[in-house]
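Please look over the model shown below before reading on. The briefing that follows is grouped by topic.

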Amino acid sequence: MAASRIVIENCAIATVDAGDTEYASGYIVVADNKIESVGAGNAPDNLENVVRRIDGTGHLATPGLVNTHHHFYQWITRGLATDHNLFNWLVALYPTWARIDEQMAYSAAQGSLAMMARGGVTTAMDHHYVFPKGSGDLSGAIIRAARETGVRFTLARGSMDRSEKDGGLPPDFAVETLEGALAATEATVDAHHDASFDAMTQVAVAPCSPFSVSTELMKEGAELARRKGVRLHTHGSETVEEEQFCKELFGMGPTEYFESTGWLGEDVWMAHCVHMNDSDIAAFARTKTGVAHCPSSNARLAAGIARVPDMLAAGVPVGLGVDGTASNESGELHTELRNALLINRLGAHREAALNARQALRLGTYGGAQVLGRATQIGSLEAGKLADLVLWKLDTLAHASIADPVTALVFGAAAPVTLSLVNGKPVVEDSRLLHVDEDAIARSTREEAQRLAQIAAQA
Ligand SMILES: [Zn+2]
């Protein structure tokens, strides 16, 4: 069967390829689920089977945004413990989180996914690590919500087995056993991981953090991931308290602990990495361990500022993450593009620490790198999958800014006229095509209220 083509013309294009190629006015040809060609001026005029032709006048086309760290379930516990640091915030919220069930997880995933997709995210991820006994098939429910929204998706199957009785932070009733966590993670990989080039669903092995997971689970989780050929994800070096925790319990800092448990490597990415000294950054660079930078969450929980410019200079792969929406209520990735830029400039003489194009790269190609998908997505290049966004920049919010990349990153969140995932439209004229945003708003409110009532009775 002949490929069906979508042609986009007359838009500015930031390809985010290796040379940062941009076109002031150019075209993109999509054939089935891949980008066939990108260039300046008009599209070739002898194309066959063009099913749709889009006039992109007034728009910037970029690769779709890639989110590399999130906790979907937190969509129904937003706006709580708003003036806490990480450990106090966790202790305040664990008892509520431990009451989630399958319907809540599904509804919260719908809310998280809808918010990101309508803001230009084409690849989402969820690090889910709360699996209360008898709560149903949470992983299946989350994956179903991603499939229905239409975005590409990585489920990082999380776990916790170090509770208060073992010196950890979560309450005893909120954790799994070592054996249970490993078996359930392996079953999730077997059931849902797709290794193909155009996979819509992938699974990573993702014990939650050093302070909620046993050393055995870290080690055996890494072995499991490598045996299965999937990626590894966790939280790392988020706060000063975590650093102290690692020193007291393991006699070493977080990076040494990760190295000792098999957790540095090009198949690993870690959220936060705020408290990193020069030798930590060098270890990440040497091993190509990736980082999910989450500036809004780090600010909300007063964790500190990750040394992103130093990481990039050293060659560490860095992507962006919204983190869970209980520590970043906005839940959309434009906030992180803008905050990555601004927060990394805080301090005297840091005006050149990060620029708009670097921020856009973090949110696109950098994200694809840390998710292990840089040959498939993350830039607009012939042969890559057609995951792209057409941002409307000719309205009040941006029209007076001449440079489109500056407008997108420094300006307000731009409306999404079109987003394609795998060559298929997911958003048109700022509305989600496959799910009902208003119905999701209602159901997430109901599920948030139901969870609050159950937690209050417990
Ligand atoms: Zn997180």
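## Strands, domains and individual residues

Strand S8 (residues 152–159) and strand S9 pair in the parallel sense over 7 bridges, where two strands count as paired if DSSP finds at least two bridges between them, and where helices (H or I, at least four residues) and strands (E, at least two) are DSSP runs numbered from the N terminus. This is a predicted model, in which local features need pLDDT of at least 70 and side-chain atom pairs count only at pLDDT 80 or more, whereas totals for chains, interfaces and linings use all residues. Residues are numbered from 1 along each chain as its sequence is written.

**S8 and S9**

- Within this pair, glycine 158 stands opposite alanine 206 in S9.
- The chain passes from S8 through helix H4 (residues 178–192) to S9 in a right-handed β-α-β crossover, a crossover being right-handed if, with the strands pointing away from the viewer, the path from the first strand over the helix to the second runs clockwise.
- Strand S9 (residues 201–207) is mostly covered, with 6 of its 7 residues buried; a residue is buried if 20 or more other C-beta atoms lie within 10 Å of its own, exposed if 12 or fewer, and partly exposed in between, with C-beta atoms placed from the backbone.

- On one side of the pairing list, strand S10 (residues 232–236) and S11 pair in the parallel sense over 5 bridges, and leucine 232 stands opposite valine 268 in S11.
- S11 and S12 also pair in the parallel sense, over 3 bridges, with alanine 271 opposite alanine 292 in S12.
- S11, H8 and S12 together make a right-handed β-α-β unit.

**Domains and their contact**

- The domain assignment, which comes from an automatic or database source, gives domain 1 (5–63 + 383–431) and domain 2 (65–370), and 29 Å separate the centres of domain 1 and domain 2, taken over C-alpha atoms.
- In the contact between them, 24 residues of domain 1 meet 24 residues of domain 2, two residues being in contact if their C-beta atoms, placed from the backbone, lie within 7 Å.
- On the side of domain 1 that touches domain 2, at least two residues each come from strand S5 (59–63), strand S14 (388–392), helix H13 (404–410), strand S15 (416–421) and strand S16 (424–428), and H13 gives the most, with 5 residues.
- UniProt, in an unreviewed entry, lists residues 61–424 for "domain: Amidohydrolase-related", and over residues 61–424 the chain is 39% helix and 16% strand, with the end C-alpha atoms 15 Å apart.

**Individual residues**

- Aspartate 32, in the loop between strand S2 (22–31) and strand S3 (34–40), has a positive phi of about 55 degrees although it is not a glycine, and it is partly exposed because 16 other C-beta atoms lie within 10 Å.
- Lysine 288, in the loop between helix H8 (278–287) and strand S12 (290–293), has a positive phi of about 60 degrees although it is not a glycine, and it counts as partly exposed because it has 17 C-beta neighbours inside 10 Å.
- Glutamate 336, placed in helix H11 (residues 334–343), is buried because 30 other C-beta atoms lie within 10 Å.
- Not counting residues up to four places away in sequence, glutamate 336 touches Pro295, Ser296, Leu320, Gly321, Val322 and Gly363.

Notes. UniProt positions renumbered as here; feature names shortened; annotations may be inferred.
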